[in-house]
Every structure is written in C-alpha cells, then in structure tokens.
Amino acid sequence: MPEITPMMQQYYKIKEKYHDAILLFRVGDFYETFGEDAKIAARELNIALTTTGRGKGAAKRIPMAGVPFHAVTPYIRQLITKGYKVAVCEQIWDKTHKDVEKREVVRLITPGTVIEDSFLEERISNYLMCVNLVDSKTGIAIVDVSTGEFLLTELDDDISHSSLLNEIDRVKPAEIILPDSLELGLELNTCTISRYDDYYFDYKNAYTTLINHYGVISLDGFGCAELKAGITAAGAVISYLRDTQKRVLSHIKPPKTFFVSDYMVLDSVTVRNLEIFNNIRDGTQRGTLVGVLDKTLTGMGSRLLKKNLQFPLLDTVEIKRREEVVKEFYEDILLRESLKEIFREVYDIERIISRISFGNANGKDLVLLKRSLLQINDLRGLLKKCRAEKIRTILKALRTKDFSEVVDLIERGIIEEPPGTIKEGGVIREGFNAELDELRKIKHEGRRWLAEFEEHEKARTGIKSLKVGYNKVFGYYIEVRKSWAGKVPEAYIRKQTLTEAERYVTEELKDYEAKALSAEERIKELEYELFEQIRKAVGKRAKDIQEAANLVAELDMLLSFAEVAAENGYCCPEVDAGNEIVIREGRHPVVEKEVKEGFVPNDVRLDKNNRLMLITGPNMSGKSTFMRQTALIVLMSQLGSFVPAREAKIGIVDRIFTRVGAYDDLSMGQSSFMVEMSETANILNNATERSLIILDEIGRGTSTLDGVSIAWSVGEYVNTRLKAKTMFATHFYELTELADALESTNCYNVSIKEAGDEIFFVRKVVEGRGSKSYGIQVAKLAGLPEEVIESAKSVLRRLENEVEKEGLKRKAEVETKKEYVVQLHPVVEELKSINLEEISPIEALNKLYKMKKMLMRIQD
Ligand SMILES: Nc1ncnc2c1ncn2[C@@H]1O[C@H](COP(=O)(O)OP(=O)(O)O)[C@@H](O)[C@H]1O
Ligand SMILES: [Mg+2]
C-alpha cells in the first residue's frame, strides 16, 4: 500500500460512494480527477495527464488530470454528452476541519438530470426514464428535469420486452434508471443506464416518497393509484433526483398518467422509414416531416410538437378541437402575424421557471421571464376575438393567471441587462432597496474620495508620478517611481517593491480601504440576498407559470400547423371513427418541396372494397413516395394538422406499420433479410383491422422464388386474417395475381409514357396491372452506355423466350402457393376465440388449463 496523503484518503472515501461517476474533486482553483477517472478525463477532454503521490517510481504515483474551476462548464458538458455521470465535489469552508479541507459532493450531474441551458438543446426534451417490472407489468416514469414534466404509465410486459423497447424508442431518454437487481437481458446502448438501489423501488417506499414529495396523504388524486408498477418507478425517480441533485425539486409536476393505448403507435422502424425526425441519408432534420411541420417560434412549442409526433391522437374529438384552432389561424393572416410577433418574444419560460425553482437561475433568466409574461398579457387580448373552443378554454385558463405582481417585482428588482453571475453584484436595480443604494453611494463616493486623495498627495509631496491604485493581494497603495524616492514623506509605509517603483500606504488610506472593502463585500452579499428573495417570490408562482408555458406551447404548435398549411396549400382533413381512407390529390409533404419540375398529386381510396392495394411500376416511378405520402397524411391528420391534399377523409388508424424491403433500405446491408423478416413478423403479429400497413418491396432480400412466395403469403395474411388496410409495392409482377385470388384487393401501377425505346415518368397512379418492368429503359435514363443497354436487351429477349417455356411450370407453383393458408398456432386460435368481456374466472382457468395441455401435447 503506497503512502497516501490525508486528502487522498478523503478522495478515496468519497469516490467509493460515486464509483460510477467521474469525480471532480475541488482542490483550490482546480477540479482534479484521479486514477481511472483521470485517464478518462484526459482522453475525453483532451487535457494533460500528470501524476501525484509521494511514492517514488511510476507504479506508486496516481494519475491526475485537472481543469480550472471557472472554466469547468464546457468540460462537464462534454462528459455528459458522452454519457458519463459527473459528481461535483466542493471544498466546504469549516473551521473544525484542521489537517484537510472539508469536502462534499454537492451534485451528481447525469445525462438525464441536467438543467443548465448550456447543456441542453433548446428544441429537444431531455428525458430521464425509470423502469421497473412488477408482476408482468412494466412501470415507466418519465421526467424532464429541465421543464418539470412528469409522466407515468404501465405496459404489459412480454418476454422480449417489445412494448418497453417501443417506448424507449419513442421517448429517446438521455438516461434510464433500473433497479440494481433487474435483468432485462437487453442491450440498451442508446443512452446512459443507471442502476439504483432496489430499496427505492419497493412499492411502500416509493409510495411514501411520492406522497411526501407532493405533500398529499394519498395518490388517489393523481389518477395513478392503480398502477403499482408505475408508482414504484415514479417513486424511485423522485428519490434518484433528490439523491443526485441534493436539493428539493419543487418544480417537478405531479405525475401525469398516460396510456399507450390512447395514442397511435409508431414503432421505431416506421418512424425511421417515414423520415419523421431524421432522414435516412445523414440523420439530420433536413428532408423530414418535422423539418416541414415545425415552424414553432418557442423551444416549448417545438418540444411539444415533437412529442405529439410521437403520440398522434386516436380521439377524434380532440383532433377536431385542434383542427378548429388551426382553421381559425389559417384563415386569419393578421392574427397569425400578431401571434408570431408575440411568440418571438416569449422565451423558454418552461425551462426558466424550472431553473428558478431549482435555485440556479440568474438575473437574465428573470428578465427573460418578465418579458415573456408581458407577452402573455398581450396574448390574452389577442385571443379574445377567437371562436375556437380550445382557444376559449386556453383563454379562460390564462385569465386566472395574473402575473402583474411577478412582472412588477422583477421590473423593480432586476436591471435590464444583468450579468451572467449573481454573486458578483450589479444585478439589482437602483431604488429597490435603501440599504443597497446607500452602500452603492459609499462605494461611488469612495471613488471620488480616492481621486481627491491622489490629487492632494501629489500636491503635498510634489511627486508628479504619484498614483493611487488597487490590487487584490495588497489592497490599496500609493505608487511612486523610484526616481522620486527622495521626496517620499516619512509617514508613508512601504508595502511592496517593484523594479521601477515602490508602493506605500498611509494610515488614512488604510482606513479608507477597510470601509471601501466592507461596502463592496456587503453590496455583493446584499445583492445576492435580494436576488434570492426575488427568485423565491417568483418561484412561488411556478405552477401557474408552468401552466401558462404549456398553453403557449400548444398555441405555438397549432400556429405552426396553420403557418405550414397556408404556406403549402394544405387542406383540413375530415377525421372520423370510420374505417376508410380517402385522399384526393394527395402529395408528399417533403418530396413536393424537393422536386423542381412539379409534384404530381395522386388519389387513394382504402375501404372495405379496397383493402389491399398492389402497386407495381418501374424503379424510380414513384411507388414509395405514393405510399409514404399516404402514411404521412394519415399521421398528420391525427395530430390535428392540415394535410397536403385537395381533400381528405381519414378514418382513425391505430397503428401505422411500414416495412421497406432490403433493397430500398439504404441504412442496412445486403444481409438484412433476417431483419426484414422479423420486422414483417412484428407487423403480422400486431396489426389490426384499424391499422395501415405499408409494405415496400418485401421479399427482395432473397431469391426470386422465395421472395415471391413470402410476399404472396404476407399479402394474403394481411388481407384475409388481419383485414388491415395495406399498400403493397412490389416488383414481383407475379403478385398482381393476388388480386384475382383475394377479396378487396386491387392492382395499381404508376403509369409510364413510352416513346419508342424511351420512357417518361408520369408519376400518376392508375388502376390496373402495369406491364413490363422497364428496367432497361430506366438504366438508360440513368446513363448506362449504349452498348450495355443493347446487350441487355438481347439477353432479355432470350430470357423471355425461356420463361415462356417455363411459364406453365411456374404458374403451377404459384397456384399451390395460393392454396397455402397461413396457419395460426392452435393455442393462439384458442386465445383469439376468448371473449374477455363474457368469460368468468372459472372458465378462464379451465381455458388456461386446456391450452397448457395443448401445448404439452405439441411439445411431446
Ligand atoms: N408524385 C410525384 N411527383 C413528382 N416527382 C415524384 C413523385 N413521386 C416520386 N417522385 C420523384 O421520383 C423519385 C423516386 O420515387 P420513388 O417513390 O422512390 O420511386 P420507386 O419507389 O417507384 O422506386 C422521388 O425521389 C421523387 O424525386
Ligand atoms: Mg421504392
């Protein structure tokens, strides 16, 4: 054991408790890291790695790397973004500690618990998710510490935890907290995973944590009392926040319970295929749905819009309410302009108020809050004339929130351009506090006194080079150049010698110094106290301000929908609970902005007579675009947005599924047939009659015959078993025969104009089977050399002849495929036949028994 200093002993003791975090250990003006932490810090932050320790020889020395305390923020940010946790350990001033300074971890910063603006993306929510499993239920609590948003839900668990994975995909948390003992058997590598003591996940403990935190006697009022697993997760997350932040988190709102079944489900594959948030090419927001739809002017509005894109509605009433607002904004350009003016001046009050409650807001935060609250006043006046029901509700809510006192307090208390710190003074406005004004006068007069003193001493001594100055170490001094040394009066006391000059003090100057410094100190102290008072007073209105922020966010989002609709000529869809999708002259919201020669609109009708659309057409003709635009129009409709079409009637869809064949899927390699099939399986296992399925060239990743067979069976299954509305693009011409074999199935093709050898894309979807595949013509369009094209044509002719000969044989094969009916597992069939509303517990048990027996028989 190498000899270690008392400070290092202290370090190891603290580090033991924060073993999974990088410990920033305050030593004087530096934060130091030691050991493994130092190696990580040196690597990740690109700072120098040195060593410390008394022992001789490399082995006995401890790696060390440090950063100056005043510049620590960007370093912490880098570590957090890379998924590390950072424990900040400060020196605490305490006389009783003799041989080593007292030190304490004041905060554990983790990716999911940051609150500082400098660590966060303004327009993206930062979620901390806590998960626990209780009796085959997955309890999930989701918190955004930066806004105080708190959500709670429960899912049915299954072996693969697929519903949990879906939620993780949807929420994209920065950090997930799991109980120490929980083994999910999942590779969760998209975010930081934190383990937390099982104790906090215990139902009783969690329940107590929650009721204590909110000062209530039971959780009945929060609408989550039934959700046992959810409560354990929610209680644990509150404990975790208290543990890491070391302070009271009064801004965390009471948990809002939501149920996944209340929203349209979009699995991650679909979110990616439809390019809702990120494009497939480079992952940015360019060319995405959110890129088109998000014209919000506030960070809150933008975050809300993204959340809604992840949770499209199923409730037609709420959709209609939103549409009504969008319509009103859409029709009134002046109203839109005035609203925009207001929202441009509304800052991120949702996050500001969180920082205020949290205790780390600065003067700027308060000033921006004040300006925003003033805008909310104007907003009220502006909304008065609106008719939409939702706006009237919002207005009513805003009317109950009078912020004039808060505004007035900040106005009187904080200067208009405050500095970034609150401990150095210069924040509080004049006239706010008499004592402060008095101290400032003393300080100000002091400056005049100094000038006079200097003049007076100059005159008295006749020393022309005499100067009065100040430095941090020696305080006030009189400086005299050495050449004037002979004239220095006796009463001057020497303080410091420089090469060119001597520095002195006098009794008079010393007296002044004492007074001036104490005024300065006192000013800083008092300003800080006053700031804290104002902050706390504003913090008392946190709940109201949070609610106002939510209302603003909602209006901002709906205004954005209206703006986009007006700009791009969208229509208001008619959304109902029926089972039809009818779109006239629909367009792709993103592609229409990219094609220069003009986008060609297309019609769609999916209903009971046309459940399965088989779409053929050459490469690049527009099949994928056509199907995706249909999905996007449905999705937009269920947000309450207008849609790119002349007319649309949308029956609510419970899920949108997409499967893009390996060939079209740019983000995957060729060996992804397995992925393709497992994603297809997901669709077949989860789609319902109310789902919309987009199948884009599935079966492409394997040999033609396999491909056709699989595609054929899948088409058959979605149509006859699931009865889901399905659009199926395929280059397997054979599949068009499905239309003859199945009900409610029709063929479409994207029409092509032929002129001799050449083809032109018309991009119009028409009913009927297309003919050839035009592959060679497309190749020609793409610029393949003439020679290659000619050769390809002759090969094609030869092959066509052979195929003709083979034709009958092939046809027979397909025929047999047609007879192949997909068979469900008997137990599944049995399960499906159960009517949960009618079955009694005894019958249920009997059924279970029976199914179990069936399973055993099958296994034997
Ligand atoms: N309706 C349309 N109007 C204008 N251009 C279109 C239209 N549909 C597609 N395109 C253009 O054609 C390209 C290829 O379309 P895509 O849907 O990928 O074809 P496919 O799936 O048939 O190979 C698109 O990137 C777009 O530029
Ligand atoms: Mg395609």
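User: Which residues come nearest to ligand 1?
Analyst: Keep in mind that this is a predicted model. There are 14 residues around ligand 1, and Val600, Met620, Lys623, Ser624 and Thr625 come nearest.

User: Which helix gives the most to the shell around ligand 1?
Analyst: Helix H20, residues 623-637. Helix H20 supplies 3 residues of the shell.

User: And how does that shell split by class?
Analyst: Around ligand 1 there are 6 nonpolar, 6 polar and 2 charged residues.

User: What does Ser624 do there, in terms of distance?
Analyst: A polar atom in the side chain of Ser624 sits 2.7 Å from an oxygen atom of ligand 1. The backbone takes part too. A polar backbone atom of Gly622 is 3.0 Å from a ligand 1 oxygen. For Ser621, a backbone N or O atom lies 3.3 Å from an oxygen atom of ligand 1.

User: How much of ligand 1 does the protein bury?
Analyst: The protein buries 82% of the 550 Å² that ligand 1 exposes when taken alone.

User: New topic. Where does Arg503 lie?
Analyst: Arg503 is in strand E17, which runs over residues 501-505.

User: Is Arg503 buried or exposed, and why?
Analyst: Buried, because its relative accessibility is 11%, and the cut-off for buried is under 20%.

User: What does the Arg503 side chain make a polar contact with?
Analyst: The side chain of Tyr477, at 3.4 Å.

User: Which other residues does Arg503 touch?
Analyst: Leaving out residues up to four places away in sequence, Arg503 touches Asn471, Ile478, Glu479 and Ile493, among others. The list also includes Arg494, Lys495, Gln496 and Leu498.

Key
Residues are numbered from 1 along each chain as its sequence is written. Chains are lettered from A and ligands numbered from 1 in the order in which they are written. This is a predicted model: local features need pLDDT of at least 70, side-chain atom pairs count only at pLDDT 80 or more; totals for chains, interfaces and linings use all residues. Side-chain values use heavy atoms; hydrogens and water are left out. A residue is near a molecule or strand if one of its heavy atoms lies within 4 Å of it. A polar contact is a pair of N or O atoms within 3.5 Å; within protein, one must be able to donate a hydrogen and the other to accept it, and residues adjacent in sequence count only if both atoms are side-chain atoms. Accessible areas come from the Shrake-Rupley method with a 1.4 Å probe; for residues, only the protein chains shown count as cover. Helices (H or I, at least four residues) and strands (E, at least two) are DSSP runs, numbered from the N terminus. Ala, Val, Leu, Ile, Met, Phe, Trp, Tyr, Cys and Pro count as nonpolar, Asp, Glu, Lys and Arg as charged, and the others, Gly among them, as polar. Buried means under 20% relative accessible area, exposed over 50%, partly exposed in between (1.4 Å probe, protein chains only). Contact means heavy atoms within 4.5 Å.
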